[in-house]
Amino acid sequence: MRGRGRCESLWLNDNHITHTGAGQLAEALRDNTTLTELYLNYNALNDAGLRVLLVALEKNKTLRKLELGACGIGEEESGSENVAAKQIVLPFLSKNQTIQHVGLFGNSWKMEDDLPDIYRELEKRQDRERVTCFRTSQSAFFPSLLQNFTVNSQHLSIACAMWAD
């Protein structure tokens, strides 16, 4: 990601990236100034990989879209609280005001209660035309229900899509 080329979208879906690979990716992302979209769906990041990535992206001013669907996120707990949402994603969003979209489909159902908080944090960003937060699915392979919350300046529309398991 360094050099003369300009990479704006990076698709690393289904590349068997674990928390170790997330650490290496985080190093490259820390100083990146061109990437606007990062797709990491269907990797084995889990909460440890999520934490490493989001810490590296806290001060990033270019990334707008981050897809983390079906990455094993949300399995870690601390008491009755889901660690991924409360201790990783929400603190990241409070530090990084550039991000407009965080895709979390297909991760642990344990995160679902905290998704409205993530949505509200994204919604607060007044200068955004569109803010999106995806609801996680209880299915490990295909989402049985995906709710896409989209805020356009004055209205809220909720679109649901159904898939067969």
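Student: What average pLDDT does the protein have, and how do I read that number?

Tutor: pLDDT is the predictor's confidence in each residue, from 0 to 100. Here the protein averages 76, and 69% of the residues score at least 70. This is a predicted model, so local features need pLDDT of at least 70 and side-chain atom pairs count only at pLDDT 80 or more, while totals for chains, interfaces and linings use all residues. Residues are numbered from 1 along each chain as its sequence is written, and side-chain values use heavy atoms, with hydrogens and water left out.

Student: Now the helices. How do the axes of α1 and α2 cross?

Tutor: Axes are lines fitted to C-alpha atoms, for helices over the stretch in contact, and angles run from 0 to 180 degrees between N-to-C directions. For helix α1 (residues 19–30) and helix α2 (residues 46–57), the axes come within 8 Å and cross at roughly 5°. Angles under 35 degrees count as roughly parallel, over 145 as roughly antiparallel, 65 to 115 as roughly perpendicular and the rest as oblique. So α1 and α2 are roughly parallel to each other.

Student: Which residues meet there?

Tutor: Contact means heavy atoms within 4.5 Å. On the α1 side, the residues include Leu-25, Ala-26 and Leu-29; on the α2 side, they include Val-52, Leu-53 and Ala-56. The residues of this contact divide into nine nonpolar, four polar and one charged (Ala, Val, Leu, Ile, Met, Phe, Trp, Tyr, Cys and Pro count as nonpolar, Asp, Glu, Lys and Arg as charged, and the others, Gly among them, as polar).

Student: Is Leu-63 buried or exposed?

Tutor: Buried means under 20% relative accessible area, exposed over 50%, partly exposed in between (1.4 Å probe, protein chains only). Leu-63 has 3% relative accessibility, so Leu-63 counts as buried. You'll find Leu-63 in the loop between α2 and β3 (65–67). Leaving aside neighbours within four places in sequence, its contacts include Leu-35, Leu-57 and Ile-99.

Student: And salt bridges: how many does the whole structure have?

Tutor: Side chains of opposite charge can pair when their charged atoms come close. A salt bridge is a side-chain nitrogen of Lys or Arg within 4 Å of a carboxyl oxygen of Asp or Glu. A search of the whole structure finds seven. One of them joins Glu-8 to Arg-6, with the closest N and O atoms 2.8 Å apart.

Student: Which residues are linked in a network of salt bridges?

Tutor: That network links Lys-86, Asp-114, Asp-117 and Arg-120. Asp-117 and Lys-86 meet at 3.1 Å, N to O. Asp-117 lies in helix α4 and Lys-86 in helix α3, so this pair ties together parts that are 31 residues apart in sequence. Asp-114 and Lys-86 also form a salt bridge, at 3.5 Å, N to O. Asp-114 is buried, at 9% relative accessibility, whereas Lys-86 is partly exposed, at 32%.

Terms used:
Helices (H or I, at least four residues) and strands (E, at least two) are DSSP runs, numbered from the N terminus.
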